[in-house]
Amino acid sequence: MQAPDDFNAQPGEVVTLTHGVRRILAPNPSPMTYRGTNTYLVGERDIAVIDPGPPSEAHLKSILGALKPGQHISHIIVTHSHMDHSPLAAPLSRHSGAPILAFGGAEAGRSAIMTQLAKQWLAGGGEGIDASFRPDKELTDGEIVKGDGWALEVIHTPGHLGNHISLALDDMCFTADHVMGWASSLVSPPDGDLTDFMASCHKLRARSWSVFHPGHGAPVTDPAARLDWLIEHRLGREKQILAALEDHTATAKDLAQRIYLDTPAALLPAAERNVFAHLVDLTERSIVNPEPELSVNAVFNRLT
């Protein structure tokens, strides 16, 4: 259930999505960021900027240039500290005087098992961590951030990254990189945690939403269906892994090569990391066992 490739927003263009919600696309297209990072402006007087984006002088000018007479930036909210979402927060804060709000720094919200893997010098993948990021104010799950005419509810949605949050505005939700229409979310240990990712999917699925505004790509207009697809997609991958371990032990690399038969060789390392995310989750659930210990090079055998 991938969305058609029809998201053709132009970098710097200010698009009104609904009353009080605008989107500006950052000029950072890539295989990991699709057309680029979506920055959102919420409000009519007090403006909350959600995900300022990468370090781009052009994008900074686009955000500041989007302000209309009588408008000012009152809040800068960062959904997570990947390099395509958080670095522009500090320059924007210096220009606007607005505080930076987020769940925490790069390691905030990281689970115990991922902390253990990080101590083994396992590095993350994908967009890259903004290791120096620190908010002026740390947000908590369920907290309400208010401005003139709007209120955003903080929903902690770890999985893609431990400090990842989504933001509810009435029945809309800014889901950043947790739920997107163009691709499934990257979950790459130790930054990404599949156990947390699945729990966050179910957390969002328990509520009724009209639309998701993601960190990359077009609005998701059937949130429930998209969440159902993401959950089933992960469960399907889990079944493939367990089937491959039915009669043989294997490493994450072995399993990736068996399962991702049509994947180009250049993308197999990413596939291996995805398989490893599942194996960590399965280890935590006592369904598989790693030898000699849990690591990206461990040999796994099925227990149940």
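Gly147 has Trp150 of strand S9 as its bridge partner. Helices (H or I, at least four residues) and strands (E, at least two) are DSSP runs, numbered from the N terminus. The structure is a predicted model, in which local features need pLDDT of at least 70 and side-chain atom pairs count only at pLDDT 80 or more, whereas totals for chains, interfaces and linings use all residues. Residues are numbered from 1 along each chain as its sequence is written, and side-chain values use heavy atoms, with hydrogens and water left out.

Strand S8 (residues 144-147) and S9 run antiparallel and are joined by four bridges; two strands pair if DSSP finds at least two bridges between them. The hairpin of S8 and S9 has two residues between the strands, and Gly149 there takes a positive phi near 90°. S9 covers residues 150-156 and is mostly covered, with five of its seven residues buried (buried means under 20% relative accessible area, exposed over 50%, partly exposed in between, with a 1.4 Å probe and protein chains only).

Axes are lines fitted to C-alpha atoms, for helices over the stretch in contact, and angles run from 0 to 180 degrees between N-to-C directions. Three bridges pair S10 with strand S11 (residues 172-176) in the antiparallel sense, and Ala168 stands opposite Cys173 in S11. Contact means heavy atoms within 4.5 Å.

H4 (residues 194-205) also meets helix H5 (residues 223-244): their axes come within 10 Å and cross at roughly 155°. H4 is therefore roughly antiparallel to H5 (angles under 35 degrees count as roughly parallel, over 145 as roughly antiparallel, 65 to 115 as roughly perpendicular and the rest as oblique). The residues in contact include Leu194, Phe197 and Met198 of H4, and Ala224, Leu227 and Asp228 of H5. By class, the contact of H4 with H5 has nine nonpolar, one polar and three charged residues. Ala, Val, Leu, Ile, Met, Phe, Trp, Tyr, Cys and Pro count as nonpolar, Asp, Glu, Lys and Arg as charged, and the others, Gly among them, as polar.

Another open sheet has seven strands in the order S1-S2-S3-S4-S5-S6-S7, with mixed pairing. Its edge strands, strand S1 (14-18) and strand S7 (137-138), each pair on one side only. S1 runs antiparallel to strand S2 (residues 21-25), to which four bridges join it. Helix H1 (residues 57-65) packs on the sheet, touching S2, strand S3 (38-42), strand S4 (46-50) and strand S5 (72-77), and its direction makes about 160° with that of S2. Helix H2 (residues 89-96) lies across S4, S5 and strand S6 (100-102), at about 155° to S5.

Pro264 is found in the loop between helix H6 (252-259) and helix H7 (268-284). Its relative accessible area is 47%, which makes Pro264 partly exposed. Pro264 and Arg45 are 219 residues apart along the chain, and their C-alpha atoms are separated by 49 Å.
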